[in-house]
Every structure is written in C-alpha cells, then in structure tokens.
Amino acid sequence: MNSRVLIADDQPEICRLLELTLEPLGEDILSAGDSDTALRLAHDYLPEVAVLDIMMPGSFDGLEVCRRIKNTRSLAHCLVILLTAKGQHNDIDAGSAAGADVYMVKPFSPLQLADLVESTLDSLRDG
C-alpha cells in the first residue's frame with residue numbers, strides 16, 4: 001500500500017513542483033491550497049508526511065495546521081515539514097514550537113526534499 005503525502009501551499013506552481021518532485025517515489029499525493037482543506041485531508045487520509053507552507057489562506061496558518069496535526073492522536077506519527085519563505089530565527093523557533101519535524105526555507109532543493117521524504121517513509125516501513 002502506498003504511503004500518503006499531504007502538500008499544502010497556496011501557490012499552484014509550488015504545489016505542482018512538489019507533486020513532480022514526490023510522484024516518482026510512488027506515493028499517494030494529496031494537495032491543498034488552503035489551511036482548511038489541508039486539515040480536512042489530513043483527518044480524512046492520515047498522511048505519513050505533510051509538507052506545509054506557513055502563509056496560506058484559510059481559517060489559520062500552516063503553524064496552526066502543524067499544531068493541530070501533532071495534537072491529534074491519529075496524526076501524531078505524521079512527519080511535518082514546514083516549507084516557507086519565512087526564514088528568520090523567530091520563524092524557525094515558531095515552527096519548532098508548533099511541532100514541526102523539519103523546517104525548510106524557500107527557495108529549496110527538490111532533491112533534498114525528495115530524499116528526506118523517501119528516507120522518512122522507508123524508516124516507517126522498516127520500523
């Protein structure tokens with residue numbers, strides 16, 4: 001069975017880049033353009049990995065989506081990667097406080113992201 005990866009970014013070109021980056025891994029990709037859809041998809045499909053932008057439309061930002069994922073028992077296992085243009089120390093600290101496992105600043109390396117997701121999913125399958 002394929003693992004599920006949730007992508008949430010309000011920029012369609014970033015979502016498409018992430019889809020193209022992660023599709024070769026053979027996983028099921030779920031995409032959302034706002035925080036409400038991202039959280040609904042997370043609850044409905046229980047992804048193993050979530051790649052979240054911080055600044056996106058909806059009822060709350062990506063930090064709150066991260067917090068809610070990490071505070072939901074059925075989603076606590078989910079590796080959350082914050083992928084954002086916000087790269088100041090206080091932004092990174094806020095991401096850590098929200099429970100993010102990884103904080104990546106745009107522009108990012110698609111290869112590095114794919115390697116991170118692949119190694120995470122491999123360790124989940126092995127462990």
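Before you start, note that the model is predicted, with local features needing pLDDT of at least 70 and side-chain atom pairs counting only at pLDDT 80 or more, while totals for chains, interfaces and linings use all residues. Residues are numbered from 1 along each chain as its sequence is written, and side-chain values use heavy atoms, leaving out hydrogens and water.

**Stop one: H1 and H5.** Select residues 12–22 for helix H1 and 110–126 for helix H5. Helices (H or I, at least four residues) and strands (E, at least two) are DSSP runs, numbered from the N terminus. The two axes come within 9 Å and cross at roughly 55°; axes are lines fitted to C-alpha atoms, for helices over the stretch in contact, and angles run from 0 to 180 degrees between N-to-C directions. That makes H1 oblique to H5. For such labels, angles under 35 degrees count as roughly parallel, over 145 as roughly antiparallel, 65 to 115 as roughly perpendicular and the rest as oblique. Now show the side chains in contact (heavy atoms within 4.5 Å): Leu-17, Leu-18, Thr-21 and Leu-22 of H1, and Pro-110, Leu-113, Ala-114 and Val-117 of H5.

Pick Pro-107, in the loop between strand E5 (102–105) and H5. A cis peptide bond links Lys-106 to Pro-107, with omega about -5°. Most peptide bonds are trans.

**Stop three: H3 and H4.** Move to helix H3 (residues 62–70) and helix H4 (residues 89–98), whose axes come within 8 Å and cross at roughly 25°. That makes H3 roughly parallel to H4. Select Leu-63, Cys-66, Arg-67 and Lys-70 of H3 together with Ala-94, Gly-95 and Ala-98 of H4 to see the contact.

**Stop four: H2 and H3.** From H2, the contact uses Ser-35, Ala-38, Leu-39 and Ala-42; from H3, Val-65, Arg-68 and Ile-69.

**Stop five: Arg-68 and Leu-46.** Stay on Arg-68, which lies over the face of Phe-60 at 4.3 Å from the ring centre (NZ of Lys or CZ of Arg within 6 Å of the ring centre and within 35 degrees of the ring normal). Leu-46 is not a glycine, yet has a positive phi of about 50°.
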